[in-house]
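Visitor: I would like to know what the words used for a structure rest on. Please take me through them one at a time.

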Amino acid sequence: NEIHKKLAEYIKVVLSKGKRDISIITTNYDILIEKALLEEGIEFNYIIDGKYSENGIDLLKMHGSLNWYYCESCHNTKVIDIERLVDYYKEGIYPIVGLCKKCKSTNKLLIVPPTKFKSIYLPLVRIWAEVENKFDEADIIIFIGYSFDSSDDYITNMITKSIMEDK
């Protein structure tokens, strides 16, 4: 997608100027932004998987991701490598469920559909808290393609709260 590519190019320029505290917050669970970042050689941190790179920017996906899986039994979270997932898609394989290696229960795709009443999985609670912190700490917030839909009014509330508070 051209928008994701342009955003990744812009982030690369900003990073080259020494600015490191960049975060991307998205409600999209597709993997287009990841692909664009990887094409530009930009590392990113999901936070959900506990892996962290000092060189990476934070990528906070509020509604999950097509490469995240969650076990409701043992609360284990699994992140599938983007390139591996793309290879699956090219082969016509669309993994939706899997087997949890930890407890042998079912891993389900960790996404939140765009509905007014959301089922929130435990790992996403941590991401939502981090998003709220990012909004509170931000000097600049840039919105791209976000509609402020009523089904996501909790996000509007987070943003409004952070704007209204003195920094």
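What follows is a conversation about the terms and the values behind them.

Guide: This is a predicted model, in which local features need pLDDT of at least 70, side-chain atom pairs count only at pLDDT 80 or more, and totals for chains, interfaces and linings use all residues. Residues are numbered from 1 along each chain as its sequence is written, and side-chain values use heavy atoms, with hydrogens and water left out.

Visitor: Why is D21 called exposed?

Guide: Exposed means over 50% relative accessible area, buried under 20%, and partly exposed in between (1.4 Å probe, protein chains only). D21 has a relative accessible area of 59%, so D21 is exposed.

Visitor: Where is D21 found?

Guide: D21 is in the loop between α1 (2-16) and β1 (23-26). Those labels come from DSSP runs, numbered from the N terminus: helices are H or I with at least four residues, strands are E with at least two.

Visitor: What makes the link between D21 and K19 a polar contact?

Guide: A polar contact is a pair of N or O atoms within 3.5 Å; within protein, one must be able to donate a hydrogen and the other to accept it, and residues adjacent in sequence count only if both atoms are side-chain atoms. The side chains of D21 and K19 are joined at 2.8 Å.

Visitor: Why is E34 called buried?

Guide: E34 has a relative accessible area of 0%, and therefore counts as buried. This residue sits in helix α2. Its side chain makes a polar contact of 2.7 Å with that of Y46.

Visitor: Which residues does E34 touch?

Guide: Contact means heavy atoms within 4.5 Å. Not counting residues up to four places away in sequence, E34 touches F44, Y46, L59, K61, S65, N67 and I82.

Visitor: And why is E40 buried?

Guide: The value for E40 is 19%, so E40 is buried. E40 lies in the loop between α2 and β2. Leaving aside neighbours within four places in sequence, its contacts are A8, E9 and K12.

Visitor: How do you know that β2 and β3 pair?

Guide: Two strands pair if DSSP finds at least two bridges between them. β2 and strand β3 (residues 57-61) are joined by 2 bridges and run parallel. F44, for one, has I57 in β3 as its bridge partner.

Visitor: What makes β1 and β2 edge strands?

Guide: The open sheet of 3 strands has the order β1-β3-β2, with parallel pairing. β1 and β2 (44-45) each have a single partner strand, so one side of each is left without a neighbour in the sheet.

Visitor: How do you know that β4 and β5 pair?

Guide: Strand β4 (residues 64-71) and β5 share 3 bridges in the antiparallel sense. Their open sheet has 4 strands in the order β5-β4-β7-β6.

Visitor: How are α4 and α5 placed?

Guide: Two packed helices are described by the angle between their axes and the distance between the axes. The axes of α4 and helix α5 (residues 153-164) come within 8 Å and cross at roughly 35°. Axes are lines fitted to C-alpha atoms, for helices over the stretch in contact, and angles run from 0 to 180 degrees between N-to-C directions. The residues of this contact divide into 7 nonpolar, 1 polar and 3 charged. Ala, Val, Leu, Ile, Met, Phe, Trp, Tyr, Cys and Pro count as nonpolar, Asp, Glu, Lys and Arg as charged, and the others, Gly among them, as polar.
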